[in-house]
Each structure stands twice: as structure tokens, then as C-alpha cells.
Number of protein chains: 4
Amino acid sequence: MPTAEAVRIHTLGPCTVRSPLKLSTVWGDGVANFVGDDARMPLEVEVNTGRPRSSEAMFEKAGPRERIYFDPPATTAAIVTCGGLCPGLNNVIRSLVLELHHHYGVGRILGIRYGYMGLDPANGLEPMALTTDAVDDIHTQGGTVLGSSRGPVDLDRAVAFLRDRGVNILFCIGGDGTQRGALALANRAAAAGHPLAVVGVPKTIDNDIRYVWRTFGYYTALEKAREIVTCAHVEAKGAPRGVTLVKLMGRDAGFIAAGTAVASQDVNFVLVPEVPFVLEGPGGLLDCLRQRMERRDHAVILVAEGAGQDQIPAGQQQRDASGNLLHQDIGPHLAQRIKDFFKRIGSPVNLRYIDPSYIIRSVPADCEDALLCDQLARHAVHAAMAGKTEMLIGQWYNVFTHVPIALAVAQKKYMSTESELWRAALAATGQPAHMTGPQAGQP
Amino acid sequence: MPTAEAVRIHTLGPCTVRSPLKLSTVWGDGVANFVGDDARMPLEVEVNTGRPRSSEAMFEKAGPRERIYFDPPATTAAIVTCGGLCPGLNNVIRSLVLELHHHYGVGRILGIRYGYMGLDPANGLEPMALTTDAVDDIHTQGGTVLGSSRGPVDLDRAVAFLRDRGVNILFCIGGDGTQRGALALANRAAAAGHPLAVVGVPKTIDNDIRYVWRTFGYYTALEKAREIVTCAHVEAKGAPRGVTLVKLMGRDAGFIAAGTAVASQDVNFVLVPEVPFVLEGPGGLLDCLRQRMERRDHAVILVAEGAGQDQIPAGQQQRDASGNLLHQDIGPHLAQRIKDFFKRIGSPVNLRYIDPSYIIRSVPADCEDALLCDQLARHAVHAAMAGKTEMLIGQWYNVFTHVPIALAVAQKKYMSTESELWRAALAATGQPAHMTGPQAGQP
Amino acid sequence: MPTAEAVRIHTLGPCTVRSPLKLSTVWGDGVANFVGDDARMPLEVEVNTGRPRSSEAMFEKAGPRERIYFDPPATTAAIVTCGGLCPGLNNVIRSLVLELHHHYGVGRILGIRYGYMGLDPANGLEPMALTTDAVDDIHTQGGTVLGSSRGPVDLDRAVAFLRDRGVNILFCIGGDGTQRGALALANRAAAAGHPLAVVGVPKTIDNDIRYVWRTFGYYTALEKAREIVTCAHVEAKGAPRGVTLVKLMGRDAGFIAAGTAVASQDVNFVLVPEVPFVLEGPGGLLDCLRQRMERRDHAVILVAEGAGQDQIPAGQQQRDASGNLLHQDIGPHLAQRIKDFFKRIGSPVNLRYIDPSYIIRSVPADCEDALLCDQLARHAVHAAMAGKTEMLIGQWYNVFTHVPIALAVAQKKYMSTESELWRAALAATGQPAHMTGPQAGQP
Amino acid sequence: MPTAEAVRIHTLGPCTVRSPLKLSTVWGDGVANFVGDDARMPLEVEVNTGRPRSSEAMFEKAGPRERIYFDPPATTAAIVTCGGLCPGLNNVIRSLVLELHHHYGVGRILGIRYGYMGLDPANGLEPMALTTDAVDDIHTQGGTVLGSSRGPVDLDRAVAFLRDRGVNILFCIGGDGTQRGALALANRAAAAGHPLAVVGVPKTIDNDIRYVWRTFGYYTALEKAREIVTCAHVEAKGAPRGVTLVKLMGRDAGFIAAGTAVASQDVNFVLVPEVPFVLEGPGGLLDCLRQRMERRDHAVILVAEGAGQDQIPAGQQQRDASGNLLHQDIGPHLAQRIKDFFKRIGSPVNLRYIDPSYIIRSVPADCEDALLCDQLARHAVHAAMAGKTEMLIGQWYNVFTHVPIALAVAQKKYMSTESELWRAALAATGQPAHMTGPQAGQP
């Protein structure tokens, strides 16, 4: 559990401006209220009676502050979207713009083009003016109207770029790499004497950012993945001894694969990065699959892209320029191993492999994600207008909170194999908790 | 805040049977854990620093218990679905059956036909045998394979019916009326010396049951409602001075209408039961609508069916046999008033009225609801197998809990006008917080 | 069968300009060909061996002409959309613009606002400039970016309006009323010495324009209607003795209702304007429905809005200002009659009534309609550029043709009760061919 | 053009049984009519005035015959589905069963399991009884409840299998290979003295069977492919210099790729088997793509799996056991070539590759295909009951006809590059008609 210090939110300075929002400060008058900095959400919520509390740390609740730091008409905000596409990016952009413009009256809003690339003058990408007209219909489309890119930001050039354009607030929509960049940018701007509120909106279709209960786009991705599993199931049942293998996103975390398995109920094996498995031998995946085929004659297997990396022979592994092990493509490898195994034991299967790749991430946000994006964006505006910085909007349980970026990116979020989601995935698939062969110590 | 006593869960007796589930009791071994009765979720979660806690009451967490009350092979469970259709009913039925059969090994599972009607021998409706084959594909279809009905249950006949068939566990899927019936049934069975675990799965598309953060089907309904709002928006923009009025479900609570307004972002006015409004006069709805039309020349209005009942002249109000005021159809009334108003002021509008009625509730569950239904059902089984009764599965924040039925049905859940959802709805529509005319005291 | 004269296409004059399209004039070179005026599609296609042909009339085939009438850079085209919304309007607009601009190089394209209203200077609606940017994404949205309206056009003012703006070509997208207006406009322009090519793109969601095999939007409407029937079916099966009645569009023709019944396969009775029925008595609808309920205990009924008008008591009928009989709302009337009947015979039903109204017409075009719209639009451009006028793009069998407006609007298209569609609808529903009671002469 | 003899339909013998269908024989009585064998559809329909007709051959029209060959109660029908999955298979099965059972009163209907495999007793696959209950809901699911497989049929064993089970009619749902097998089976049965009506329902998602205007499943596949192109477009616009390459089905014919390009309007290059192209050099694909990127900075490319096979270096080509050239995977090859090219010229692109594979074929039929499947199935029943054999149900223009299998499979249907579809695809993409480099003779 982090300390109270670790959850403290940085601010640019005292809030001396009265918020233009028409909200109340008392409960019971039927008008929504401003939220004070004293409204908190404890990190330790659940209780085991008889055991003492282990932490007193508390997140600030997100919400509109009665006093703000920036004078809206004199403020310029900028928005940048980084990394891979994710359903809901346009919804976040749109609600940021509408909240800034309609409710706070912020004078000028810029859209940085193509991620951090657009902050580097070397790339010659002038920001878009984000007027309400420019964002009117964008939430009905997938992707991001700003464009996105991967890669780091040159801090000095970016600070100069923002200062030259008078940007006071920067909203960074992106994953952990993006947020690390955002934090560095805030520090460099401070060092350069340019007060810049940097507020992150966490974006990861893999749902793998800590202190963020569910990231936007995750449920939309599940919905598309479920459609594909339905196809996989139809294919598996449509052929004699049909096996369909579907690869889904999830480099380090199995949330998408596990969630899809539970939502779909048509999956028989789900393989995630967090749960090692062996292929061969009694109790291995192939043996379990053989048993399944004997019982039901068809099977659907989901594999997260980061699962089973240790199953790929060393000779096929690749390292990148820095010597890091690159993820191997587990999908075709597994497909081949399954085909070979059943051929070897004399009962070949009709294996079909589906890799939906970008299809599950470039669609518009579904309703839940649309709601979530709207709320994230408006909370990000409230925080930024109050001069809070080096933070992102998190959700602790289902409460929107302010989380220091440094805390959120210190470690990735993984799906605990003792979590309710994984228990549900095991229940829905009926697969063994462990497919690590006979040597594995089973409970 | 309820007392500690009010949240206490009733049980049929001590748990002496070892659970057949292959779960662990220690954290850190990578295997999902049993949940103890000492795992709790406090009712008061959020904190205002400086203010003392107001309640120490805590909900039991839901989850599989290590020791259970019923001997699975000797147990008969029954499932009944009551009230209006709701996306996800078949998912709940299916996961109840699969968890009971595959994981606990319960001997026999019955599906009661057409709600509480099916518990009355007078109706001659013999229960269905709910085998795994019978439920194999049902989650892909809307509605309920058991059928449903409204109306009370004859307690004595129902107890006899259940006792005759050796039913030990009854899962009641329904709204507050159904849960009240379930509680009465549990009491009557106890009085009759037939120990019956009655566990509710709360079902209300209106999302209006207390201590249940979100009910299954709600998000699916939003998704369909959002589609219809998109049509309404297209119609409003497609005609000169186009106004589209859409009526949505929500007799007493505006969750569907407000959620749709936020998710869609194309709504200009949303009218809910919790927020009174006047039509005529400065600051009334018609005046606000006139201003909107002057600015933008088209408008979309959402009205929950229970909104604005006081706007309907007394002469048109009707009472039922018991003298209760019946809800009037606000939709056509409002449509006519809007048409008349704009005709009167000399700038007629093209008003179109859409009443999607059952269309938003008879569809299959979307992904998020499918996940929720699976978890609700499995938690309901865990609770029932542990002999817990007179309770339903709730969600406090996003944690599944056991909630005494008596507590859950004591009062309906309304959407607070000081809630984040309503604040978001006002932000998304841009409508005034109050449309009660000049006399209303505004903040 | 119309005469050869009746199918003759009017032109503004000889084609002296070489088409800028890069097409071929010979078959076999692998390049698509120009189409000559001598390419024809006979009106009488099918043959009954032994019987002589009854007509020699032939439609001109649509397609790009090698020689055209207008000099593209010097030409101004205008587009107007009239009447009710229909899936695909934006697709037609977009493909008209792209074909005119990219392929012919037409200098200027205007979008008339809100139907024929936009041709009357009194309404102060200046046309939009339809650039390729302006239409870039519009095909992904339902409705029409131009707006639409019903009602006639003031011919003199419209001709002046078009002449003042130098419009040489007018594309009129609309139903039979619109096409009649288009024909009158062409005549008046000619009389006024302003040569104007008027080319119609037939638009009727009801599919009721003659010589047009299927109109755009029809299949999309079926798709939405089928979704609603699925809901209706779920509702009917979800309640004891459930009957769902769905009202669909179709004032004079039953194509939507019959097509939906066949596509859905879940409909038990489909009522269309072309097939009279009685309600009461042996062999009437209520009697047939009673038999169905005895066999299967649930039923789905589709009624086209124009069906069964004679079943509504005279006292409830209304006439418009001109004394024409207004269509009565058959839906609620039928719902009440069904409820009353089953109550009377002592076995009440759970009747639910669904009126999807605008929902089926304001959605974006499905794939088949998108293809059709693109082809209709490009053929309309080819015809107009060749100076053809007073015509619309038809489809005879599945071949695009030029049809004189006068011929197309001379009579509405009805669904023949001897057609393959109606035979399929009877086969799919299993309903009797006649529900006119015992007095009806049955085959 | 085929001869009159080539279109003649074989029959098992004279029709002596009166059809049980309640149809009429006269036009104008409001009751749908039987269709006589003298109702014909000429093969040459369109006319070029001044040129003589080239053929007098005419197809029989499909439809219910007044006199039939089989005595329904004494008849056993069997249904087999072969080859790859295709949207609508279950619809065809269901309508075959319902028409046979409800309308003709055929005594027994068998469902052959897993394609022609199920006709070989060696595989031990007993047919399913296809009752109306068994097919009740199957049209809502993709795939085929019978299962399918590829591969030939052992004629003698299959004839014995069918004779042993008293099968008089066999409906073969499949592509050209399947239909060839069906023809051989009919011949062998006749030779063996077992009169067997063999009627084909053509199934090819590629739409490549001659005399069949559009095959079922094609439009549903377009719809799914269009969704994927929308994602591809979003991806291309979401990254700096984004290029998305999508591979679609179409081994020998480009109908799916071309149709998707027209329906989507977001495709910039579509590559089909019928149109050769070169990659390198001025006027080649890479050069054209470079120009596109310079103008618009993003691009979407569709490639049919059978396109550009000659672009793959010989060393990478593979032959199967019979020495036939196997299709190479053009997708990854093209992706690599594009990446390499832009890297080489110093302006690298962000290339994303999407291979939706089975996703577009395992979904349920959309509305148009559902309608088509119902009609195909009922026409197949009418033909079979009249003792017609060695034929399949075709569509000439949009009229259902009887086509001898021998004629239909004599040659594959290709998309003519002089067809309206390809002209529309070129218009929609704006790509050059030829990308074969400078040496190509252009019109």
C-alpha cells in the first residue's frame, strides 16, 4: 500500500479564482455540489473483521472545485493523444473541449497532432483549433481526430513549443509510457519557469494501469472480441473436429482475454500472460484439449498475445536494438503445435486461426465507454482548472480520483490469478486452474 | 445509514459441508480464494477529512464459502423470473445452472414457468428441467426461456408446491415487488417447517434498487436507447425546425434517461421523475426550448415515462381500482403541448414523437451485462449453497455483497439530483438545472 | 404495357461534347465501356412459350454516354432531397457530388436546403456549396445533410431561383410527389427558356414506385424492422399467452411488412393494404389468431399502417381539408380489438404493441443500399450530363434504366398478391391466404 | 451463349401427383399462382437495337408446379451442406424443412452430418432427424447445424447409404465442387436404379457461380467486410502516414473486394484476381500509392486473396501433391513490399495489416440474404417435388430459374473488368484502371 505522501497531488499554486460553474456547496438543495479537496477515498476499503486496517492513505476525489487556479478566458489548453488507438478517444477529446469551452469559458483550445510528434517543431505539425464545431460529431467515429503516434517527446523542444503558444494546461491521453512522458514534461516545464498543469487521462485498451479500475475502451473491445469468439465458435462447430484459436490483445495483462471468455461463455481455454502453462505432457494444454475434444468434439481457445512466451523455442526469440526480448507471435506457433499434436496422435483436427488485430480497437465507443469517457474528460478539466498537475484521473473502486502519475506508472497492473475475474474465467471455461503438467504443485 | 443489525444476513443453519470448489484459502498461491463471512464492505466508504465516520455497518462480501450448508447431490434448486423482461435474464439462468451443476454438483434444477404463476398449482404449469443442454445457447437470446409474469404469489400454495418437489433453494430474479414476494415466501416456508434458502438476483431495467450499484440490463438498455436517440437526432436535423421527442422507460427513476443523455451527447433536454419542471412561462421548458430553437433550429428531448406527471391536467388523470393515481402518458401530452406552443408563437415546429417501448428491453445482454449476469448468478449460488436466505446479491460501490431483502426493498433508489450522473447529464445537455419558471429559487 | 412512345426519353438537345470519362467503346479490351442509347432493356422479359410477345417497348439502359450535352466546367448542378427520410440519402448526395466533380469535372455543385422549400427565395435558404470535403464522411450518417421537407414547389419562383444561380442540372431525390414536382419544374423551365436537365433519383422507403425494382433504403428498413420483430417475438414468448403487435410503415403498399415477415420468419400474421381482411367471425383474423394461440400460446402480428382501414368504424374516420379520407391509426385500434376479443372469450392475452415509427428510416444505409445508392447516383449523373431530362433512374429487373417521370408516376406500385414476395410471406407465416370470413370465395 | 439443349432440365419422370399447395392457376384472382414449365426466362435479355438476337435459349422459371412427381407422405428428403461456412446456411436448411413439412407434407427429412463425409458409412455419422422443432431457431445463428466439410464423396457408398435410408430427394448446398459431386451422385444413383432427385442450392461467398446473379451470404459478407474497412480507415487516419492493407476472401473472383470498395467508399486501391498489376516502376501500384500518400497522407488498400499471385517470386511459390500451383499469401507479401518501398524512398509509412479471415463468413445472414435463402430453399423444394434433378436454383437477372448443374459448373464466374461493378469500384476508389506500368497499352 502506498503512503499518504505517495498519493498527494501536486498543484501549481493557490486557487484564487471563483469557478464559473453553477453548482452548490450544500447537500439537499437539489443542485449538484462542488467537491472539496477534503473529500477522500481510502485506498483500503474492504475490511476483514478482526484484522486491523493496514493503511490510512486516501485518494483525493475528483470533481469540480469551487475555487480554481486559472482564469478561464486567459487560459489556453492543449490536448494530445498518444499510442495505439482505443475506442473513446474522440469522446474524451470532445468532452474536454465542451467542458472547457461551455462550462469554464476557456479561451483557446489546441489539438496537438499525432501524439508527442506534434509537440516537436521539427515535425512541422501545427496544432488544430479545437472549436465546438470541430468536435461536434467526432464521438460517433472510432480513432482520434488528432492522430496519434508512439515514441518519446523531446522535452526541451516540447516545452518551448507549448510556451510559444501560451499553453497553460496539457491533457495527455495515453498509456503508461505517455504518462511518464507527461510527468517528465511537467517537471521540465516547471524547471523552465513555465507553469503548466499536466493532467493525464489514462488510456490502455489492455486495462493495465494501476489505480484505474477500468480504462475506457476496454468494454468496447470486449464487445468486439465477443463477436469474434461467436464466429470462432460457429467455425469450430461447423467442421468435423473443429478447433478455433483466437489471438487477442494483451501484451502483459490478460484482462481482455479473460473478460471475453466470461462475457462470451463459448470459450473452452483462455491463455493469459499471468498464468504459465505447458503444452506437452499429461496435464499440459494439449492433453487437456485432447480430453475436451473427446467429450465435445469441438473447442474454442483464446490466447492473449503475451501469453505462453516461454513456450516458444529460444531459437525463434528475437531481441530488439536494446537487447530486450521481443514478444513472439504465440498465435501461429500455438496453431501449429495443436495441429501437429493431433496429427501425431492420429486424430487430426480442423484448426482455424483468427487474429482480429486492430479490429477490436478502432471502433467507436460503446455506451458504457461513452459514459466513462465523458466523466473522465470532465474530471480532468476540473482538476486542471484547479491547477492540479502531474496527476491523472483514476478510479478507485468506482469512484473517480486524482492519482499522482508517479504512483500510477510505478508498476503495471496485472490480472491477479486470485481475482474475481480470473475465478469467473475459470468457471466459465471449465479449464483447469493449472495446465503446467504433473510437476506443478496443485492446491 | 442502516444499522449493523439491518445488514445482518439470515442463514438456515450452520455450514457443515465442505465446498467441492477447488479454491484456496491463502493469498499468494495463485489460486482464487474462498471468501469468509468476515470479509466485509463498509457502508460508509468515502471520507470527508475532519468529519467523523457516521456508520460502522458493513455488508458481507459475496463469494464462495469454504463450508456450505447444503449437500449438493441431495439438493434441488429452482429458478423463477418475474416481472418485465430485461436484457440478461437468460444469462443469469444459464450461469446459475452451470455453477450449480458443474461446480457444486447440485442434483436437480427446476425452472419455474412464467414467474410466480408457475408456483401456483392452480395454473397447471409444471417446471422445466434445467439441464446444461437446455441452457446451452440461451444467453444469445433476449427474454427468458422460463417465461415471466407480474403479480403476487399465493404463499401457502407456493410453499406446498416447492415442498412437494423437494426444492431447497429458490432463486428469485426480479424487481422490488418480486423480492418482497420472495421474502414473504421464505418466511412462510420457515413457518411451515420447510427450510428454503431464498436468494434474490435483483432485476430492474430502471436501475432503481437500493444497495445495487447497477442492475443487469441497464447498460444494454442504454445502448439501445442511444441508437434511438441517434435516429431522433437525424430526424430533428433532417426537417426544417425539427424537434424530436423520445419517451424512455423510467417510472420512478431517471437513470435510463439521464444515462442515455450522457452517453449519446445528442440530447438537449432530459426530463426525469426526480426533477420537477413547468412547461409555460419564462424559464419553463417551452421557453427554454424556444431559445434553443432560436440558436440551433433543431432539438432532441428525452422524457422518462414518470417525468412531469404533475403537468398533466387533473381531469386527464386516472386512478386504478385501489384509488392510486395511474401514471399518465407524458409523451403524447408533451408532444401536443410543444406543437401547440410553437404554433401559438407563430413559428411551428416539425415535431416527431418516438416511443421505443419494449425495444430497449427485449434484446440480448451486451458484454458488460453478460459479465455482470455471470457474476451475479455465481455469487447467488455461493450464497444459497451456504444456506444464506432472505437476501439478494447487491453491489456496494463495485463490490458484490449480500444484502437483506428487507433492507433493499425498504425504499426505492432514486437518482439524486446532486449525483455525478445528473451533473453529467446537465453538462452534456446544457439544459438549465431548473426549469420551474421565475418563481423557483435558484442557487 | 406502356407503348414505345411512353418510354421515350426527352433530351435537351444533341450531344456534342466528348465525355471526359476514360472508358472504352469495344468489348474485350478489359476496360469498362460507354453505353449507347441503342442499348435497351425490353419491358417484356419473361416468356410463356407458345404465347406471342405482347409488347416491343424497351427502356434505354442507363450508363455513361460517349458524347454528352453539357460542357462540364461551365455547368452548375444542384441537388435537392424531398419528403421523409430514407436510409441512403447522404450516400446518393455524396456519389452525385463525387461523380460530377472527380469524373466529369463539373464546375459548381449546389445543395438545395430542406427540399423544395429551398427553391423558394421567400424562405431565405441559400444553397450549400457541395464540395468534396463537405460530403467526405456524410455516407456514414443517416438522414440528409441538405435537410428535407414535404410540400409543393412554386414553379415560377423556383425557375427564377435556379436561373439566377445558373443551375443547368437539377437532381431531385424523392418519391412520386417529388417526381411530379420535378416534371412540372422541367416543363416550366423549358417554357421560360431556361434549359434545365431534371433527373430524378426515386426515393421511397415503401418501395412503391413503378419500374423501380427496389428503391434504396428498403432493405435497410427491413433490417431494422427485423430487429424489432425479434424483440416482438421475445416479448410474445416471455409472457403467458403473449401476443405482440408491430406496426410498420407502408401506407399503400405492403412491401416492408411482407419483406420483414419473410426475412424474420418469426411473424405469424402479416396484414398489408393490398389484402383485405375481416376481424370477426369464423375465418376472420381474430378467429385465426385464436387457433394459433391454442396451438402455440404466443403470436407475433405485423400490420402495415395502411392495412385494414375499412375495419375502423366510420365514426372514427377523419377527412383532411380537401375531403380526402385520412388514414386511421390501425395499430392501437387492432390492439384494442384483439384484447377485447380474448377477454370476451374468456382467455385474455398479454398484448404488447410496438410502433417503431421513425426508427427504421433514420439509420445509415446498409451495404446493399450503399451499393445501390452509389450506382443510382452515378447513373443519374451520366444521364444528366447527356442532357436527358424529365426522367428518373429506374431498374427493370436488375438493370438500371432511364424511365420518363410521367410514366413512373402515372400509378403507384403495389405488391401483387400473386407475386413471389406475397407467396413467400404466406409460406413464412403460415397464415391463410384470405381472412375475409366464410363468405369469401376461396380458391 | 449456351444452346437450348444445354439449358434443358432433367426429370425423373412424369408428374402425376396433384400438388397439395393451395395456389391458383389464373392471374387476377388475388391468389399466387403455380408456375408452368412453359414459363421461361431468355438467356439473352438485353437488346442492342439494330443487332439481331444471338440466342433463343431460355431457362425454366423456378416455382411451384401444379403437378408433382413425388407422393409427399411417401417421400424422404435429405439435406447436406458442404464446403466453407457461408452466412445463410441455416436459413436454407430451415426453409427447406418448413416447406417440405408444412406445405408439401413430406414424411421424413434427414440432415446429413458434416458434408459428403456424412454420406459415407465409413465415417459412422448417422443423419439428424430434421423436425420443425429441430430447426425452429437455427436461422438466428451463423454456420450450419449439420456441420460441413470439404472433399469428395465416394459415389457407390453414398448411393447405398441413401438407398438404405429410402432417400428420394437430396438437396446439396455447396459450391462448384459440391455441385459436381451432386451431379455425379445423381448419375450414379440412376445407374444403380435408385431414382434420386438431386437439387443444388448454390453456395459461394465469393459469388462465383455462373447463372447465379448473387449467391446467398455475399451481401452479409460485404457488410462485415465494410465494417472492417471502416476500422482500417480509422487506423490509417489515426497514425502519421498511415496505410492499412486489408485482405479479403476471393480466390478467383474479386466480387467481395470490389463490392466492399463500392459499399464502403473508404478504399483507395482494390486489387482483384481478374486485374493484373505490377508493383514497381512508374504506373505500378507502389508508384500510384506514393502519389496518393503525397496528396492525402493516408490510404486504405483492399486485396483479394487471389490477386497479384504473379507478383510473388517463383521461389516462394508452392505446389500441392498434384503439382498445382498453390495460392500464395499475397497479404503479408504486399505488406512487406509496401513497407520496404516507402522506407527505400525515405518516407516510411505506418503500415497496418488486417486479415479478417473467417470473421466475415461465420455470422448470421443479414436481411437480404435471409430473404434470398428462404426463396432459394422453397424453389429448390418445388423443383425437387416435381422430380427435377441434376439442376440447381439459379437467378438470371433477378428471376429464379432452373439451371442444369453441368451448365453451371462448366466454368467459374469471374468479375468482368467491363462490368458495372468494376466500373463502380474504379469510380469509388479513383484508382487507375491499369497499374501495369508504362508498358501497358491504355485506352
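Select chains A and B together: their contact takes 55 residues from chain B and 56 residues from chain A. Two residues are in contact if their C-beta atoms, placed from the backbone, lie within 7 Å. This is a predicted model, in which local features need pLDDT of at least 70 and side-chain atom pairs count only at pLDDT 80 or more, while totals for chains, interfaces and linings use all residues. Residues are numbered from 1 along each chain as its sequence is written, and chains are lettered from A and ligands numbered from 1 in the order in which they are written.

**Chain B against chain A**

Stay on the side of chain B that touches chain A. Strand 3 (39-42), strand 4 (47-48), strand 5 (58-61), helix 1 (89-104), helix 4 (218-238), helix 5 (255-264), helix 8 (367-385) and helix 10 (420-429) of chain B each supply at least two of its residues. Helices (H or I, at least four residues) and strands (E, at least two) are DSSP runs, numbered from the N terminus. Colour helix 8 of chain B, which gives the largest share of this side, 7 residues. By class, the side of chain B that touches chain A holds 25 nonpolar, 15 polar and 15 charged residues. Here Ala, Val, Leu, Ile, Met, Phe, Trp, Tyr, Cys and Pro count as nonpolar, Asp, Glu, Lys and Arg as charged, and the others, Gly among them, as polar.

Next, select strand 4 (residues 47-48) of chain A and strand 3 of chain B. They run antiparallel and are joined by 2 bridges; two strands pair if DSSP finds at least two bridges between them. Pick V47(A), and look for its bridge partner R40(B) in strand 3 of chain B.

How are chains A and B related? Chain B can be laid on chain A with an RMSD of 0.0 Å, by a turn of 180° and a shift of 0.0 Å along the axis. Copies are superposed by least squares on the C-alpha atoms of residues with pLDDT of at least 70 in both. The copies meet through the same surface, because 100% of the interface residues of chain B are also interface residues in chain A.

**Chain C against chain B**

Now show chains B and C. Here 27 residues of chain C are in contact with 27 residues of chain B. On the side of chain C that touches chain B, the elements giving two or more residues are helix 4 (218-238) and strand 15 (350-354) of chain C. Helix 4 of chain C makes the largest share, 6 residues. The classes on this side of chain C are 13 nonpolar, 10 polar and 4 charged.

Chain C can be laid on chain B with an RMSD of 0.0 Å, by a turn of 180° and a shift of 0.0 Å along the axis. That is the relation of a two-fold axis. To locate the axis, select P356(C), which of the residues of chain C comes closest to it, at 3.0 Å (C-alpha).

Two other pairs can be checked quickly. Chains A and C have no contact, and their closest C-alpha atoms lie 9 Å apart. Chains B and D likewise have no contact, with closest C-alpha atoms 9 Å apart.

**Chain C against chain D**

Select helix 5 (residues 255-264) of chain C and helix 8 (residues 367-385) of chain D. These helices pack at an angle of about 75°, with their axes 8 Å apart. Axes are lines fitted to C-alpha atoms, for helices over the stretch in contact, and angles run from 0 to 180 degrees between N-to-C directions. That makes helix 5 of chain C roughly perpendicular to helix 8 of chain D, a term for angles of 65 to 115 degrees. Show the side chains of G259(C), V262(C) and A263(C) on helix 5 of chain C, and of C367(D), A370(D), L371(D) and D374(D) on helix 8 of chain D, which make the contact. These residues divide into 5 nonpolar, 1 polar and 1 charged.

**A sheet in chain D**

Hide the other chains. In chain D, 4 strands form an open sheet in the order 13-14-12-15, with parallel pairing. The edge strands are strand 13 (269-271) and strand 15 (350-354) of chain D, each pairing on one side only. Neighbouring strands of the sheet are turned by 15° against each other on average, direction ignored. Strand 13 of chain D is joined by 3 bridges to strand 14 (residues 299-304) of chain D. Within this pair, F269(D) stands opposite I301(D).

Key:
Angles under 35 degrees count as roughly parallel, over 145 as roughly antiparallel, 65 to 115 as roughly perpendicular and the rest as oblique.
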